[in-house]
Structure formats: structure tokens, C-alpha cells
Amino acid sequence: MNPVETVLRTLHDDELALHDDLLAAAEDHRAEHEFHHVATDTARWSAEHARLIAAAAADRGLHLPADRDPAALTRLRRKAAEDLAPRPDGPPGLLAALTALHLAASRNSLHWEMLAQAAQAGRDGELLDLASRCHPQTLRQMRWTNTLIKTLAPQLLTAS
């Protein structure tokens with residue numbers, strides 16, 4: 001596997017993981033209506049990104065599943081819920097979820113940037129189009145979580 005294929009595989013897996021984490025967080029915080037709806041909507045972006053990455057990888061002879069199998073999805077949601085559960089010394093529920101989502105989106109953003117730079121260097125128009133199409137939505141996921149962290153942190157961290 002060449003380095004570009006490695007980035008494609010990593011980004012594919014991480015987009016699917018972000019999709020699952022967004023859906024799990026949306027379910028865990030269903031009472032926060034705006035959060036629930038935006039998390040669900042932006043989860044669709046990550047699922048679409050994974051499908052597009054799988055298609056681009058297939059053109060390069062790399063097989064990546066477009067979707068996860070349901071049993072694996074269930075295991076991942078449980079794992080995500082455990083990882084996102086509030087810890088005694090960490091931020092409370094929704095803030096912890098937003099932190100994890102922001103970090104996951106940031107990681108994906110870095111990989112989109114790497115892919116775009118490699119595509120430019122290799123004059124690969126297909127990969128550059130893919131990165132140009134998907135990366136802005138990943139940046140929007142980051143801005144959304146960052147905005148919510150800025151808005152909610154003062155209230156959630158100072159409430160007694």
C-alpha cells in the first residue's frame with residue numbers, strides 16, 4: 001500500500017468513526033434538540049465522505065467498504081458511548097462529547113489537507129476534487145463543535 005492509499009484508508013475509517021460518534025452523541029443528547037439535529041445532519045456528511053473515498057480507492061485497486069456492518073456499528077457505538085461518558089475529572093456530558101467530536105473532525109481535516117496536498121503534488125485531479133468537495137464540510141463540523149464549546153463551556157463548567 002502506498003502512502004496515499006494509507007491516507008485514504010485512514011480517512012475512510014475515521015470518517016466512518018466520526019459518523020458513528022456523531023450519531024451516538026445525537027442519541028445521547030436527544031433532549032438538546034439543536035445539537036441532536038445538527039449532529040445527525042453532519043453525520044450524513046461523514047457517511048457520504050466515506051462512500052466517496054471508497055469509490056476513489058476502488059479506482060486504485062484498494063477495497064474499502066462503503067458502510068460498516070451493523071454488528072460492528074453496534075460495537076463501535078457502545079465503545080464511543082463509553083469513551084464519551086463523563087469522567088470524574090473531565091468536562092460534563094455534552095461538553096465531553098463536543099470535545100471528542102471536535103478532535104475527531106480535526107484529525108479528519110488534517111488528513112483531508114494531506115490528501116489535497118498529495119493530489120496537487122501528484123497532479124491527481126480526481127483526488128483533488130474529492131478533497132475539495134469533502135474538506136469544507138469537515139471544516140464546518142469543526143466550526144460547529146468549536147462554536148458550541150465556546151457557547152456552552154461557561155455555563156456547563158461554572159454551574160454548580
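Buried means under 20% relative accessible area, exposed means over 50%, and partly exposed lies in between (1.4 Å probe, protein chains only). This is a predicted model: local features need pLDDT of at least 70, side-chain atom pairs count only at pLDDT 80 or more, and totals for chains, interfaces and linings use all residues. Residues are numbered from 1 along each chain as its sequence is written, and side-chain values use heavy atoms, leaving out hydrogens and water.

Q: Why is histidine 102 called buried?
A: Its relative accessible area is 19%. The limit is under 20%, so histidine 102 counts as buried.

Q: What makes the pair of phenylalanine 35 and tryptophan 144 stacked?
A: Rings of Phe, Tyr and Trp (its six-membered ring) pair if their centres lie within 6.5 Å; planes under 30 degrees apart are stacked, over 60 edge-to-face, the rest tilted. Here the centres are 5.4 Å apart and the planes are at 20°, so the pair is stacked.

Q: Are phenylalanine 35 and tryptophan 144 buried or exposed?
A: Phenylalanine 35 has a relative accessible area of 4%, so it is buried. Tryptophan 144, at 13%, counts as buried too.

Q: Why are H2 and H4 called roughly parallel?
A: Helices (H or I, at least four residues) are DSSP runs, numbered from the N terminus. Axes are lines fitted to C-alpha atoms over the stretch in contact, with angles from 0 to 180 degrees between N-to-C directions. Under 35 degrees is roughly parallel, over 145 roughly antiparallel, 65 to 115 roughly perpendicular, the rest oblique. The axes of H2 and H4 cross at roughly 25°, so the two helices are roughly parallel.
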